[in-house]
Amino acid sequence: MTKILGTSLQAADQVALLRTLGLLLQIGLTTFAADTFGLSLQMAPLVLVFVLETLYLSLTLVLRKPLFAKESGLFIALVLDTLFWIAWLYFSGSATNAFISLLLLPIALAAVTLPIWAPWTLTGMSTLAYSLMIFTAPDAQMQHHGMDMSSHYLGMWFNFVISALVITTSVALIAKRMRRQDAQLAFMREGQLRQEQLLALGMASAQMAHQLATPLSTLRLLLDEVKEESAASQGAVSEMEAALGRCEHTLAELRLATESIRDRRQRRLLLGELVDELKQKTLLLMPQTALDWQISCSAAQLSELGVVTDMSLAPAIMALIENAARASSETCGEARVDIHIDAMPDAGQIYLQIRDYGPGIAPTLLPQLGTLLVESPKGLGVALLLSHASLERLGAQLVLANHPQGGTVAQVRFTAQAGAAPWEQCESVARGDA
């Protein structure tokens, strides 16, 4: 709600306009319509009320943007408005004032813009003030041309109470439901924007992978010729061959991953198999990285618990490990990464935690990394965005945080698949049917 008020300047202007019209209505009724509506005016205190209310309203109009940016600021303003309305009503006829129902205006504004406790508070204040005015009024004030109007004024009081309760309950609940729907729509729009970005990235990646196939094949042929003709630079040739092999391996995996995602081929991978696969890939693709594996799972858990996976899981985790290794290398000169794996079968969770020894992530970027393309000194966060999307599609969750002792922690939370579940059950879980 604070965010809605803070970003909607039109709403603040509308509330300010309504409050200004309320003051003008009070002055107009007092000045031009007192005899028409039978208002019993006490001019000395009314002039003081108008002066104070004008000064207060002018101040709140100038400060309306920072004031209405918080729920507390708007609530205090409406409380003071209610007190000024009560003062005007008291000095212009008290309970016999025909415009007593204008006390409902601050209640209605609170019901639309604030949590449900705010209109209930204003309803209590207004009802208490009205009750004191009507039940403490002298008998002479309840007479009109010799007729006893006490029952009529009591009916007005009862009607006011019913109206306030209707506004406090029905309108407040409707407004709350609308705010919740607006929040859901905003969340869906953000998700749609993220999916559009991922689709664009996926199309660009597929096009570039297709374009890389031919030059990689040409490079392989040229490298074979260089190996045959030059024996002096054997070390450089070996490094070139390793780099080229990595490119070919990555391109082959990209093709397999594309086919797997397109055909929605998912399977249940045992936790032990996942650990072995990650160890093999890190040894092959990141041989210079110092990895500290900390596995807190028992042998039984490694062989019984599993996760839902497809060809996109390993690249998503490898991207997190590579980011961690790069951050550690740039900060302390050593590509050092801690990987901790733990399982909580009772909670149905498997945790894979990757910690680097880098500078950490700025607190302002933490909520955005992995969900949006965010420009930072290290890039746009594309790898984190893709990893987050791949893990989310598999039912996992990626959480980023700064480690208390320095560096960043990327925690992946999987839903544990226990037992030798058949392929069909695993596939339905991945789709969200089970």
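Let me begin with a definition: a residue is called buried when its relative accessible area is under 20%, exposed when it is over 50%, and partly exposed in between, using a 1.4 Å probe and protein chains only. The structure before you is a predicted model, in which local features need pLDDT of at least 70 and side-chain atom pairs count only at pLDDT 80 or more, while totals for chains, interfaces and linings use all residues. Residues are numbered from 1 along each chain as its sequence is written, and side-chain values use heavy atoms, without hydrogens and water.

I turn to the overall picture. The protein has 14 helices and nine strands, taken as DSSP runs numbered from the N terminus (helices H or I, at least four residues; strands E, at least two). Of its 434 residues, 39% are buried.

Next, helix 5. This helix covers residues 71-90, 20 residues in total, and spans 29 Å from first to last C-alpha, close to the expected 28 Å; the expected span is 1.5 Å times one less than the number of residues. Because 14 of its 20 residues are buried, helix 5 is largely enclosed by the rest of the structure.

Finally, the surface. I116, W120, F158, I162, L165, V166 and L173 form a nonpolar patch of about 610 Å². L165 lies in helix 8 and is partly exposed, at 34% relative accessible area.

Methods:
Patch = residues over 30% accessible without salt bridge, like charges linked within 9 Å, V, L, I, M, F, W, Y side chains within 5 Å. Areas by Shrake-Rupley, 256 points an atom, 1.4 Å probe, with all protein chains shown as cover. Salt bridge = Lys/Arg side-chain N within 4 Å of Asp/Glu carboxyl O.
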